[in-house]
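Work through the exercises below with the structure open. Each task is followed by a solution in steps.

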Amino acid sequence: MLCQNCKKNTATIFYEETVNGKTSSYALCHECAAKMRAEGKLKDTPDLSDTIGSLFGNPFGDLFGNFMGIPEASTGVQKTVCPDCGCDLNAISQTGMAGCPTCYTFFMESLQPMIRNIHGNTRHTGRIPLRFKARKEKKDQLAQLKKELNEAIKHEEFEKAAELRDQIRSMENENRSESA
Amino acid sequence: MSWYNNEQTNPDGMVISSRVRLARNLNHYPFPIRLDETRAAKLIGEVEKVLVPMGFQKIDFSGISDLEAAAYVEKHYVSPEFAKKDGPHALFLNEPCNLSVMVNEEDHLRIQCIEPSLSLQEAFRTATDLEEHLDEALDFAYDENLGYLTQCPTNLGTGMRASVMLFLPALTLNGYMDQVGRELSKVGLTVRGMYGEGSQSQGCIYQISNQICMGLTEEDILKKLDDAVAQLKDLEKQSADQIRPGRKEQLKDAALRAVGLLRSAWLMSSAEFFKLYADVHFGMNLGFIKDISLSKLNSLLVQAMPAMVTLGSKQDVRDETSRDRERARLLRETLAS
């Protein structure tokens with residue numbers, strides 16, 4: 001669903017307002033909601049994902065219990081949902097399960113502290129799917145070349161450094177044109 | 001030949017089996033918790049297209065009885081949760097029955113290899129070979145930072161659980177298992193019962209597995225588990241050496257009595273079987289019993305379980321007494337001197 005305001009971004013904030021018994025619904029993207037909040041046009045709660053981020057402190061104990069205690073605004077209800085599966089953080093917290101793969105990228109900021117608490121870090125280092133292999137190899141090669149470039153500069157081997165710089169530039173250009 | 005019916009099983013008397021399980025999910029499908037029946041069935045079809053031509057048998061769990069499903073749990077091919085699940089879910093099993101794929105368990109795919117004895121590396125290679133075949137045909141959900149994306153955040157990263165089923169009678173008898181559990185948790189490993197998460201230990205049998213899936217490579221995880229098994233085997237031996245001579249004589253008596261009961265009893269409950277199994281196996285490890293094949297004894301850990309006994313019997317054994325009678329018959333025949 002597109003944002004009702006900018007009609008460009010995906011709507012992630014769903015807001016209901018009741019004035020004199022008449023209920024109006026809004027579907028907004030993050031940016032428009034923030035802008036409207038600043039202008040005083042949207043009188044909802046502060047960004048819920050910010051509040052949740054601070055509560056994801058304990059992965060197994062209070063994490064989900066505390067989450068449920070977040071007060072809702074008396075004038076409106078705000079809901080941030082995954083654009084792919086419609087799951088919100090409330091549902092993730094109740095079940096302890098994500099709704100779909102996209103939930104992780106969409107709620108990344110809020111989920112990251114919990115993931116760190118479970119695993120001690122948030123960086124995968126093991127196997128990768130076939131389609132990511134070539135990309136990773138290039139990334140590793142680029143990192144190695146940059147390391148060698150720094151070493152060459154440190155040892156004042158400027159001819160070698162120039163060669164490495166050209167190699168890095170050409171690889172970066174290649175990557176840019178591939179991703180364009 | 002299946003892991004539990006293999007003459008090579010358990011040459012050292014402690015490690016019963018090794019298992020590696022990889023959790024994988026597909027892009028463009030919600031996780032099983034939010035998957036509707038139509039899409040769950042479609043997903044099974046996608047996996048079927050890859051696995052059936054490779055010789056895997058498809059077992060549609062929506063179409064089998066509770067008893068048949070329970071027998072697959074007893075063989076350790078599926079989890080207890082998978083057996084009880086509603087909606088479309090299927091198991092794909094290869095011919096030697098060492099490789100299986102559960103579809104629509106907690107994750108879309110749970111690829112599992114189970115081998116007898118301590119063979120984590122072999123189980124890992126076999127599981128990853130199959131995973132690569134699936135990877136060529138399916139679009140696995142993956143994030144460059146978080147690794148393989150799984151329904152439960154505890155499986156993120158490698159999505160791998162490696163586990164070893166161990167028989168640790170001396171550590172159990174001497175009351176060290178709580179301490180062992182605490183020490184293992186410090187290095188990211190966990191101790192569970194015979195059927196994994198939520199199950200109780202029976203017959204001094206435990207499953208040790210990795211708790212953390214992210215930040216370590218699969219090889220790191222396997223090494224950690226291999227090292228822990230080596231230490232546990234040492235500790236078990238030390239613990240057995242600490243047993244006083246008088247106590248050893250009692251254990252010898254218990255082991256020989258247990259052999260007598262297993263070879264002669266007319267009715268045998270599964271709880272009694274587990275107790276006697278532990279007495280006999282410990283007696284064998286301590287050198288008191290030499291005329292029983294350990295691989296045969298271990299095969300009973302599957303074959304003497306309730307659903308397996310019921311399915312294996314030619315008679316109607318749905319009531320407990322009939323089942324206990326049938327179990328006792330199986331034990332007498334398997335362990336006949």
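**Exercise 1.** In what order do the elements of chain A run from the N terminus on?

Solution. The model is a predicted one. Step 1: chain A holds eight helices and three strands. Step 2: placed in order from the N terminus, these elements read β-β-α-α-α-β-α-α-α-α-α.

**Exercise 2.** Describe burial, contacts and surface in chain A.

Solution. Step 1: of the 180 residues in chain A, 36% are buried. Step 2: take the contacts in chain A between residues at least 6 apart in sequence; 43% of them join residues at least 24 apart. Step 3: chain A has an accessible surface of about 10900 Å², and carbon and sulfur atoms account for 50% of that surface.

**Exercise 3.** Why is the pair of Phe273(B) and Tyr277(B) tilted, and how are the two residues placed in the chain?

Solution. Step 1: the ring centres of Phe273(B) and Tyr277(B) are 6.2 Å apart and the planes meet at 50°, so the pair is tilted. Step 2: both residues belong to helix H9 (residues 270–285) of chain B; because they are four residues apart there, about one helical turn separates them. Step 3: Phe273(B) and Tyr277(B) are buried. Step 4: together with Phe167(B) and Phe274(B), they make up one aromatic cluster.

**Exercise 4.** Characterise the contact between the two domains of chain B.

Solution. Step 1: the domain assignment of chain B gives domain 1 as 15–239 and domain 2 as 245–334. Step 2: their centres, taken over C-alpha atoms, are 27 Å apart. Step 3: domain 1 of chain B brings 18 residues to the contact, and domain 2 of chain B brings 17 residues. Step 4: the area buried between them is about 1400 Å², with 81% from carbon and sulfur atoms. Step 5: on the side of domain 1 of chain B, Leu67(B), Glu74(B) and Phe167(B) supply 37% of the area buried against domain 2 of chain B, more than any other three residues.

Terms used: Residues numbered from 1 in each chain as written. Chains lettered and ligands numbered in written order. Predicted model: local features only at pLDDT ≥ 70, side-chain atom pairs only at ≥ 80, totals over all residues. Heavy atoms only, no water. Phe/Tyr/Trp six-rings, centres within 6.5 Å; stacked < 30°, edge-to-face > 60°. Helix = DSSP H or I, 4+ residues; strand = E, 2+ residues; numbered from the N terminus. Buried < 20%, exposed > 50% of the residue type's maximum accessible area, 1.4 Å probe, protein only. Contact = heavy atoms within 4.5 Å. Areas by Shrake-Rupley, 256 points an atom, 1.4 Å probe, with all protein chains shown as cover. Domains from an automatic or database assignment. Buried area = accessible area lost by both parts, 1.4 Å probe.
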